[in-house]
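Thanks for coming. Please keep the structure open while I talk.

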Amino acid sequence: MAEGGVRQCQHCAVPPQLSLRTVNSSRSAFASFLFAPLFFQLYEAGGPPPDRELFRCKVLMKSFLGVFRSLPSLEKTVGKCLILLKPRASRLVVQLHCKYGVTKTHNLAFQECERLQAIFDTQRCTSSLCAPARVLAEAVVHFPPTLAEVTLGTGPGGKISLRNYVEDEAGEPSKTMVTELWLAKDEFETVAITPGSHITFCLKEFRGLLTFAEASNLPLTIHYDAPGRPVIFTLADAVLEVHLVLATLSDPESSLQPPTANGVSHLPTPSEDFTDDLESYMIAMETSAYEEGSGVPPSPTFPLCTPHPAESDPEEEEEEEEGAVPGTPPHKKFRSLFFGSVLTPGGPSPAPTQEVLAEDSEEES
Amino acid sequence: GEPYVLAASLDNARHLSSLLRAVHFQDHATCFATANGLRVTVEDAKCIQANAFIQAEIFQDFAVQEESVTFRINLSVLLDCLTIFGTSSLPGTSTALRMCYRGYGYPLMLFLEEGGVVTVCKINTQEPDQLLDFDFCSTKVVNKIILQSDGLREAFAELDMTSEVLQITMSPDKPYFRLSTFGNAGSAHLDYPRDSDLMETFHCNQTQTNRYKISLLKPSTKALALSCKVSIRTDAQGFLSLQYMIRNEDGQICFVEYYCCPDEDITEAEFM
Amino acid sequence: MRFRAKIVDLACLNHFSRVINTIAKLAKTCTLRLTVSKLYFILSDKVANGGVSMWCELCQGNFFDEFQMEGVAAEHNEIYLELVPENLARALKTAQSAKAVKIKLTNKHCPCLRVAVELPSLSSSSRIVTHDIPVGVIPRRLWNDFREPSVPDFDVSIYLPVLKTMKSVVERMKNLSNSIVIEANLNGEMNLKIETDLVSVTTHFKDLGNPPWSNSAQDRDLESMAEARIDIKKLQQLLAGQQVNPTKALCNIVSKRIVHFILLHEDVSLQYFIPALA
């Protein structure tokens, strides 16, 4: 998760299974890891109620990551890892039992939170691709490490192309090197894409997921729709299910097309100076406590990918009423691109940033 | 004979430079030479002192004309000079060193030679500093543990630097030896049982919990990285001594020692 | 104007990319001059930027399996392009296992040097990666700015010591000082010196040998040193950037004016000029 640059907070929900979720500060990326109880040697669902019930909390990504900092040394030294969620003490305890009888105990502070869920439905995506992680990992190495966005599309002869996204600067020829590569259909396990379709998304998060997918030797499925709709990367085995949802750049030319099912988002703009230090974290905690206590309604929101919300279909309206949300709006760097094309400039929301990380929703999807 | 109050030769300059790097957390160091060898001392914030000891036997030739010779020198410059031919030369080659000092007011002269190439350095010296006296003697030691450095390296590399202090608990009872940090992320404890294979010696007479500024202890990681064993001792006032045993490429043993004052403003509230 | 070239041999490809990496370390942007038989990478920095200049020359025949070019006119059968060598280096970086690399001058949206890399893949067809490197085409009236520099009328010419040793000495000295004095005589001796308030350091090299130039000053005293003080960063850059291990390396010193380095590796020659500081 953090390799994808998503390092703001981490979210876990206990019974009936452990799920780790995170969204980046500009909410252009959402990741979820769902572990089946069988993933663990032992999985116990807490003590008597209310502890038995579904429990959600968020932990600073940096802290959580600190526990597992060096993977090679973890593999060498750690024999057993014990994770305890102690709601009463507001602590997430991670205990590592290492070689030579050494025990490392990390007591991580957390805050309870509401459900964090991006709205996406892979079934409704018009295009999907599935490939061994290695194929995709070998493809992205050709792009410079600093490259922000990449465009996935179809090429001549049914080939799949990846190309670095270059911002058009008022018709001026760009000084940026453009790299493009083509993958033959038979390098994929399945290819079901709309001819001529293309999407642009952040490479960094994708690289992060690829690293994980490659290490776990799982094929990766990419579901996408029209430009501006989120792209969903999934991988799964018997005990683990992973989703990464990324915002895609909307295509100015096709922005008039009617909205489809995915990623309708009603969010306030992210605060300008969001930082993930403790201070802002604490402030955010207070804010959300206040919001809960005073029953302040959800903050004013912007329709992100729907320039004509009135035209949205009834199904979508339903979803909105359920109060679900974070689709995958823009990454900070994306923002000008996104909001520039979709929102009126200079229309920030007065709402506190953190609040949207915890929208209510009825049930787990 | 020679006009030098200090003259020393060393077949492999790296034996000196790697030890000096283990105490290099400030630009300036005080060098103190007696017939027994050379001690290089670095201090910071009147709270921490690091000493690298290079016994006379490590040198092929070590001559001191006075009872003791002391001068202050820029350690960064000295290290750049000692490693002028690189920090890792090809196997089978090494940098030979001759080091001379004429006395107060004179520069320290270094003659380095590798593969027929000669480098001559003149490093200006300064008036020595008044050094801290920790008065840490083995008779006052309350608790003492000797650990294999392997067991501590990772712990120090991964210290939560958002914690202001490193808390060290040494006790005849559980948790025996515990390192704790209290950072933004919450607290973390690292427990070493007394019967661990990492533990070479365990002499703890009373339960002591002391805190040390983590920023002051962090530089000792450099010494830890080179060492094979570390001795951790505390006295009744909570002063800490970390002694690192370092074996060089030729199998010779040298020591680097760090002394640290306990952090005075302990707030009991955070104990857990 | 046309240009297309192809490398198939892996050893040639790796050699070529090492040359490009060296260039990329020395120049942010440079001029690529193409002729029928040779490629040149040229940097001529303005005096304001330190006045460093570089001239790197390679025979195309030693690298390319195919090489076709057509200049602006039959009597001026050359092409001058301005490019960022780092782009070329990056394009070649992931081409280490390529079956073939083609380089082509194109002009779709803007003039580009297109590097097309054919990589082996698990599928029946190869994987193709293309990199479009934007280039500026330099008009003929400016070609004169990029003429081969003449070997200066030096006081002393000397072979350089093992570059690895020289590099580590210069790197340490760079930590201590901004400028370095390089001095040498016709007796095969060279010294590198720095001096500051804190420290003075001199490294003495001997038995280096002096190249037999026909025009060299015969009447010069063998022991007398010619010296120049130069920007230590420029020298360090030259030494750190070396990815091609030169078979011959030498330097020519014009007292108090310029130091001219020549690095030769079979078919590649690199000349680098660092002006003396006042």
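I start with chains B and C, where the contact takes 20 residues from chain B and 18 residues from chain C; contact here means heavy atoms within 4.5 Å. Before going on, the ground rules: this is a predicted model, local features need pLDDT of at least 70, side-chain atom pairs count only at pLDDT 80 or more, and totals for chains, interfaces and linings use all residues. Residues are numbered from 1 along each chain as its sequence is written, chains are lettered from A and ligands numbered from 1 in the order in which they are written, and side-chain values use heavy atoms, with hydrogens and water left out.

Chain B and chain C bury about 1,500 Å² between them, with 55% of it on carbon and sulfur atoms. Buried area is the accessible area (1.4 Å probe) that two parts lose on being put together, summed over both. On the chain B side, Asp80(B), Ile84(B) and Val117(B) lose the most area to chain C, together 31% of what that side buries.

What about polar pairing here? The rule finds twelve residue pairs in polar contact between chain B and chain C, both residues at pLDDT 80 or more. A polar contact is a pair of N or O atoms within 3.5 Å; within protein, one must be able to donate a hydrogen and the other to accept it, and residues adjacent in sequence count only if both atoms are side-chain atoms. Salt bridges across this interface number zero, the rule being a side-chain nitrogen of Lys or Arg within 4 Å of a carboxyl oxygen of Asp or Glu.

Helix 2 (75-82) and strand 9 (117-123) of chain B are the elements giving two or more residues to the side that touches chain C. Helices (H or I, at least four residues) and strands (E, at least two) are DSSP runs, numbered from the N terminus. Strand 9 of chain B gives the most to that side, with seven residues.

Now chains C and A. This contact takes 20 residues from chain C and 22 residues from chain A. The area buried between them is about 1,700 Å², and carbon and sulfur atoms give 52% of that. Between chain C and chain A, six residue pairs are in polar contact, both at pLDDT 80 or more. The rule finds one salt bridge across this interface. Arg127(C) forms a salt bridge with Glu187(A), and their closest N and O atoms are 2.7 Å apart. On the side of chain C that touches chain A, strand 9 of chain C has the largest share, eight residues.

Next, the core. The largest nonpolar core has 218 residues, of which Leu110(B), Phe177(B), Tyr192(B) and Phe261(C) touch the most other members. Such a core is a set of buried Ala, Val, Leu, Ile, Met, Phe, Trp, Tyr and Cys residues joined through side-chain atoms within 4.5 Å. Helix 1 (residues 10-26) of chain C supplies the largest share of this core, eight residues.

Last, one residue. Ser168(C) is in helix 3 (residues 163-176) of chain C. Is Ser168(C) buried or exposed? Ser168(C) counts as buried because its relative accessibility is 10%, and buried means under 20% relative accessible area, exposed over 50%, partly exposed in between (1.4 Å probe, protein chains only). Not counting residues up to four places away in sequence, Ser168(C) touches Ile84(B), Phe85(B) and Gly86(B).
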